[in-house]
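Please find below my notes on this model, as numbered points.

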Amino acid sequence: LVFEEVQKLKASQASFARRKERALEASNQLQESGDFAIKAAQVVIDLKASTGKKKILGTFRFTLRGQNLHNVESLSLVRKSDPFFEIKRPWVSNGAVQWEAVYTSNVVKRNLSPSWDAGEIELDKLCNNLSDIFRIVVYDYERVGSNKLIGYMDTSIEKLQAANNSGVSYPITMRNKERGDIFVSEAQLLNYVPVEKVINQAKEKAEEAELFAVGRKAAARVASKDLEKKRKSLEKRSLQILEASKEAEDLKILAAQAEKDLAAFREL
């Protein structure tokens, strides 16, 4: 009987060791999930710090061409305008709308239907959203003195994309008079990322990681309680087996003494 109890004790000890190993593994997983949650949260913090007040990231690549632009050199019989354009972003100062140049194209000499070089501009310098309005202003370049205004148009990235290689043109105007047309040969976004979307995605990942960590922590807590219960049960059984073993040893001593007494009685 004692032998059987000892075998059961050894089996219980092996089971306890396996449970302890699983508890350690769960603890490691909890640590990993906690670390991931911290890293995900850090991504959100880093994103906010790196983007600052930016609401949009990426680059806008575009190619424009003009057609039948007004010749502001019309007083000359032979000269033609040297057109170039600027892209201007609106901003408000003292309640009045101002226009700030954020891009300047190359100058095409003596050509009223110019094809300008492809250009690129960082989105955050141009707009906060793809639907935000900005202005394209076409000038006649003057080497001496101020450049002469040919005309302008208000547009957005969405509008330019819609007109991309479509054959649709946008008129430029001055004092409500048309002064030529602008065609869009290229309008594409490179590495376009709405910052708020990225931050929200990072927040979702951080929240998912936090929930996972909470779940693993709860599971680890349950496993720890179960392990403690098993440990106490194992200690109790060990004490019982130890007492049984002592009783068996006492019985063995008594049996040996009884055998000696019986042998002495037979000799009489």
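1. Glu 73 sits in the loop between β1 and β2 (83-93); helices (H or I, at least four residues) and strands (E, at least two) are DSSP runs, numbered from the N terminus. At 7% relative accessibility, Glu 73 is buried. Here buried means under 20% relative accessible area, exposed over 50%, and partly exposed in between (1.4 Å probe, protein chains only).

2. The model is predicted: local features need pLDDT of at least 70, side-chain atom pairs count only at pLDDT 80 or more, and totals for chains, interfaces and linings use all residues. Residues are numbered from 1 along each chain as its sequence is written, and side-chain values use heavy atoms, with hydrogens and water left out.

3. Which residues does Glu 73 contact, leaving aside its neighbours within four places in sequence? They are Arg 79, Lys 80, Ser 81, Asp 140, Glu 142 and Lys 148, where contact means heavy atoms within 4.5 Å.

4. Glu 73 and Arg 79 form a salt bridge through their side chains (3.5 Å, N to O). A salt bridge is a side-chain nitrogen of Lys or Arg within 4 Å of a carboxyl oxygen of Asp or Glu. Arg 79 is partly exposed, at 43% relative accessible area, whereas Glu 73 counts as buried. Glu 73 and Arg 79 also belong to a network of salt bridges that takes in Glu 142 and Lys 148.

5. In total the structure has 7 salt bridges. One of them joins the side chains of Glu 120 and Arg 61 (3.0 Å, N to O). This pair links distant parts of the chain, with Glu 120 in strand β4 (residues 119-122) and Arg 61 in strand β1 (residues 56-67), 59 residues apart. Both partners are partly exposed: Glu 120 has a relative accessible area of 41% and Arg 61 one of 27%.

6. A salt bridge also connects the side chains of Arg 135 and Asp 154 (2.7 Å, N to O). Arg 135 is in strand β5 (residues 134-140) and Asp 154 in strand β6 (residues 148-155), so the pair ties together parts 19 residues apart in sequence. Arg 135 counts as buried at 17% relative accessibility, while Asp 154 is partly exposed at 38%.

7. The largest nonpolar core has 31 residues. Such a core is a set of buried Ala, Val, Leu, Ile, Met, Phe, Trp, Tyr and Cys residues joined through side-chain atoms within 4.5 Å. Phe 60, Phe 85 and Trp 116 have the most contacts inside this core. Two or more core residues come from each of β1, β2, α2 (123-126), β5, β6, α3 (157-162) and β8 (177-194). The largest share, 5 residues, is from β5.

8. Phe 85 has contacts that include Phe 62, Leu 64, Tyr 103, Trp 116, Ile 136, Val 137 and Val 138, not counting residues up to four places away in sequence.

9. The protein chain has 4 helices and 8 strands, in the order α-β-β-β-β-α-β-β-α-β-β-α from the N terminus. Of its 268 residues, 28% count as buried. Among contacts in the protein chain with a separation of 6 or more, 67% are between residues 24 or more positions apart.

10. The accessible surface of the protein chain is about 17,800 Å², and carbon and sulfur atoms hold 52% of that surface. Accessible areas come from the Shrake-Rupley method with a 1.4 Å probe; for residues, only the protein chains shown count as cover.
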